[in-house]
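Reader: I've got the sequence and the model open, and I'd like to know where the labels come from. Can we go through them one by one?

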Amino acid sequence: MSFVMATSQVKQTPQSGHNVHLDDIDRKIIQATQAGLPLVSRPYDDIAMQIGISADEVLKRMCKMQQCGIIRRIAAVPNHYALGYKANGMTVWDVPDDRIDELGKQVGTLEFVSHCYHRPRYLPGWRYNLFAMVHAHTREEALQLVSRIADLLGEGCRGHDVLFSTRILKKTCMRLIS
Amino acid sequence: MMDELDRKIINVLQSGFPLSKEPYAEVAAQLEITEVELITRLQGLLENKTLSRFGPMYDAQKMGGSFSLVALQVPEEDFDAVADVVNSYSEVAHNYQRDHKFNMWYVIAAEAPGQIAEVNREIEQRTGLKVFNFPKLAEYYVGLQLPV
């Protein structure tokens, strides 16, 4: 996922109440690491050198960004197609609104779910309010995962569907800060 | 192709990476390999696209961005023309065809919430199709950890 935004425009505008203030140095750290972490013995020293601050300062700021959730985590992101995960299903569920947070969190903990969100319904055409992406090698395997979600939801599931992707029409690799 | 060590490296690095002076050495010790071997392998996995990236995963929404998932029901004969219209917007980051009545699903990323509505309105006008906007109301999990 990527996102184009000029440095000067990142961002003080409050939105959904969970924006976090970033200063120029934070932005420089993001800019230096958004494409990836340097593959050298002391990667944070490397970033520090690029920006002109100490490695301790880089570590301190990145720790803080991780604590407040600006950095979800530092990790390798697999290319799931290359790893043989070719069946990518968007599973959608109709669960009672008063239980969605409880049930959404449970579904989110399943190891094969990569994204799990509460989204709006559009009645009568679209009754599903819980979205969970699942990744599997084959459609058959994906459908087994779907039934595991159904088991977990139990009576909380009043209906579901699975939308498999058949074609990537666009996939850009944008920058958070240009 | 990947060998056992590649798999171990991918599995370990999917779960997280330390914020410390010599993080590769730490992870290498855990895997009982040398730091150089870990870095070399990681480089190879990125070059051959087994990994799409390695580093901090930023939450762009917390940084002030707006995102939404949007769906269209496109008549089969118009599909490619509608895809061209949708894809022409730089705010449209991803677009997937899915086998469903709602057969086109795209993600918009914008700097302001109003911009999402604006792009959707234009897409409605240009395609004559009703746009179904699915902003996230709550996020329960985001992350991709696939055992390999």
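Reader: What angle do helix α1 of chain B and helix α2 of chain B pack at, and how far apart are their axes?

Author: Some ground rules before that: this is a predicted model, where local features need pLDDT of at least 70, side-chain atom pairs count only at pLDDT 80 or more, and totals for chains, interfaces and linings use all residues. Residues are numbered from 1 along each chain as its sequence is written, chains are lettered from A and ligands numbered from 1 in the order in which they are written, and side-chain values use heavy atoms, leaving out hydrogens and water. Now, α1(B) (residues 4-15) and α2(B) (residues 23-31) pack at about 125°, with axes 11 Å apart. Helices here are DSSP runs of H or I with at least four residues, strands are E runs of at least two, and both are numbered from the N terminus. Axes are lines fitted to C-alpha atoms, for helices over the stretch in contact, and angles run from 0 to 180 degrees between N-to-C directions.

Reader: Why is α1(B) called oblique to α2(B)?

Author: Under 35 degrees is roughly parallel, over 145 roughly antiparallel, 65 to 115 roughly perpendicular, and the rest oblique. The angle is about 125°, so α1(B) is oblique to α2(B).

Reader: Which residues of α1(B) and α2(B) meet?

Author: On the α1(B) side they are B:K8, B:I9, B:V12 and B:L13, and they meet B:V27, B:Q30 and B:L31 of α2(B). Contact means heavy atoms within 4.5 Å.

Reader: On to chain A. What makes A:R61 count as buried?

Author: Buried means under 20% relative accessible area, exposed over 50%, and partly exposed in between, with a 1.4 Å probe and protein chains only. A:R61 has 15%, so A:R61 is buried. This arginine sits in helix α3 of chain A, and beyond its neighbours within four places in sequence, A:R61 is in contact with A:D23, A:I25, A:D26 and A:I29.

Reader: What do the buried residues of α3(A) pack against?

Author: They pack against α1 (24-33), α2 (43-51) and β1 (71-78) of chain A, together with β1 (51-58) of chain B. Among the buried residues are A:V58, A:L59 and A:M62.

Reader: How do you know that the span of α3(A) is close to the expected one?

Author: The expected span is 1.5 Å times one less than the number of residues. α3(A) has 13 residues and reaches 18 Å from its first C-alpha to its last, close to the 18 Å expected. After α3(A) comes A:G69, with a positive phi near 90°.
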